[in-house]
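Have the 3D view open as you read.

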Number of protein chains: 2
Amino acid sequence: MAAMTIKEIARLAGVSIATVSRVINGTSYVSPDIESRVRKVIEDSQYVPNSVARSLRFDNTWTVGSIISDIANSYFNIIAKVSLDLLRERNYSMIICSTEEDADRELNYLRFLDGRKVDGIMLNSTGKNDDYIALLSQRMPIVLLNRRIRHAGFRGDFIDSSNHEGGSLMVDHLFRHGHRRIGVINGDLGLSTGQERFEGFVEAMARHGLSVGSDYPFRFDGKFHMDEGFEGARVLCEKSRPPTAIAVMNNAMAIGAMKYFKARHIRVPEDISLVVYGDIFNSDILYVEPDHVTLNPYVIGRKAAESILERIRQPDLPNREVIYSPTLSQGNSVATLSQQE
Amino acid sequence: MAAMTIKEIARLAGVSIATVSRVINGTSYVSPDIESRVRKVIEDSQYVPNSVARSLRFDNTWTVGSIISDIANSYFNIIAKVSLDLLRERNYSMIICSTEEDADRELNYLRFLDGRKVDGIMLNSTGKNDDYIALLSQRMPIVLLNRRIRHAGFRGDFIDSSNHEGGSLMVDHLFRHGHRRIGVINGDLGLSTGQERFEGFVEAMARHGLSVGSDYPFRFDGKFHMDEGFEGARVLCEKSRPPTAIAVMNNAMAIGAMKYFKARHIRVPEDISLVVYGDIFNSDILYVEPDHVTLNPYVIGRKAAESILERIRQPDLPNREVIYSPTLSQGNSVATLSQQE
DNA sequence: CATATCTGTGAAAATGTTTTCATGAGATTT
DNA sequence: AAATCTCATGAAAACATTTTCACAGATATG
């Protein structure tokens, strides 16, 4: 019952290897009696063609690699799920890789997937291997997710939602509800995501006549991790005159902040308002449902999968960028202030 | 800049293919000058060995397939994350497959992974392809997760936490808090998980002198999906004399039930108590933190990955079963009843 | 000095496919 | 009836590796 090969099938059916191949792939006519004989042998022996050999022959693997920062993050989880679904529909499979934001790990994965001859890569980059990625992109279809590559030599697609717009949206929303003293818990400013979200924030503040200088008191810089959200909330709330609202720049940090509020019995939105960049799993059964900028991971995941498949088909496609406009999703975490300030 | 091959490297370095291979793998001594010449060419050309060819030669792929019901389910998500981590440490990669509980899809995936010559499979089965799985297990290392195969011919490992114990635990917990009229929202009773949890429930009820016959009024049978949790909660709560507590047999249905309670302004635990089988993401910031049976997906995921790697190393290992005892995790979703009943 | 041993390298086989090309038998045409 | 054509099938090459085996040159041994 060891693994059958096409050669074995051919022997058992008393025909040549080529004929078996033809039966399997239907590439040309074979006479009915031979065909049925071959089919019977295949059936009986539970033969499954070795796709490793096939891949070697064709130089394609019907596989795409997906490198994301964290499979357990609700945003990337949805992305992975949605793109996996689409790939499966088109008979592609997916090798999943989780970098945990580690640049070395990312580089290893890229090398690995290269050697593995995957047909394409969906990449949420750490932002620290731009040179290598640009180089690899010359001969491997790549779709970037959420993080842009600064290198001019990069060839491929870029799917994102506008971080700048999203950051502005948060401020506009809070401002509309009467908030003026607005705190911000930043993500990693070394990454385009973190940087652009903050720029949007600053721009909108300025538009409303509130300047955010380098000495802005209500600012905490994290790196997108949950515990920094907790810490940031603490720091901002312990100010002698704390902000009336806080904008948190990703979902993980928002969860951290919410844990802080809950632990300290700080009521949301009565004591402090909260607006979050990004969706949170099952947010409708949280103790408070955050007003948030929604990134549409469903749309983005699907688009990313579509793009990589197109690019696999046509490697010569020009660089493409698809930037979705985020929208603000109402929850109940933002209080309306009368102008007591 | 097209993909380099070992042949190309050999040509550029003016040596034979065999020598290049020896340099790369260090399989035998090559003179220093030749070695450095070869290394330089490899470096310059960014050559990465084609692991498809390697796999064909060796009949191993350094890859395991992971088939789970739903990558977005918090339980399996953790399992996937943890096992992926361990595999990566040991230089294995992972092809991820999501069945959505569809038996055909599972079968496709199994065939696919077979042809793909993965070194082993971690499988959370739908429970409807037992024959094929048993057959496949003769020549492919398999570790089953959470769902047992009934077929005697199966060869492999089985990792689980005791569903029976878990089911009992829920009842004991509720009983201890004074509950007697206890509702249950079952998962799929056609699956070992659903069946055994319910058996544990029934057994514990009996032990406490409460018989659960076939006409038990506080029972709703679902299939582990969220909307059935919603529906089940509705059905039970709309009884003229509703139960004082409900045991929900998985996390997805629990979320559904919680959505129902919230929508109808039914307070937990004041109006009704809730105990859940399984962990929920970020449960500490939900509107109520469910008392729940914890399955330790971290432990199970790690164990599963360890097991499959052991079995890949030693395919002749006897069948093994590892059943963890679940524990009950305190939340604040269970009220203590005085004996007004 | 002749023979035996060692050693660094290359040629070629093998892994499981698909596909091109050749072949020969049967059918069709003149 | 001979010549041509069609077409089902098989042999072999190709894909990129690793490894066995052979070989030639150098060194050691008698």
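This is a predicted model: local features need pLDDT of at least 70, side-chain atom pairs count only at pLDDT 80 or more; totals for chains, interfaces and linings use all residues.

Residues are numbered from 1 along each chain as its sequence is written, while chains are lettered from A and ligands numbered from 1 in the order in which they are written.

Chain A has 12 helices and 12 strands (DSSP runs: H or I of at least four residues for helices, E of at least two for strands, numbered from the N terminus). The radius of gyration of chain A (over C-alpha atoms) is well over the value of the globule rule (2.2 Å times the number of residues to the power 0.38), so chain A is more spread out than a compact globule.

| Property of chain A | Value |
|---|---|
| Radius of gyration | 26 Å |
| C-alpha span along principal axes | about 90 × 45 × 30 Å |

Now to chain B, where 6 strands form an open sheet of mixed pairing, in the order β7-β6-β8-β9-β10-β12 (strands pair if DSSP finds at least two bridges between them). At the edges stand β7 (219–221) and β12 (327–329) of chain B, each with a single partner strand, so one side of each lacks a neighbour in the sheet.

Within this sheet, β8 (residues 245–248) and β9 (residues 273–277) of chain B pair in the parallel sense over 4 bridges. Val248(B) has Val276(B) as its bridge partner in β9(B).
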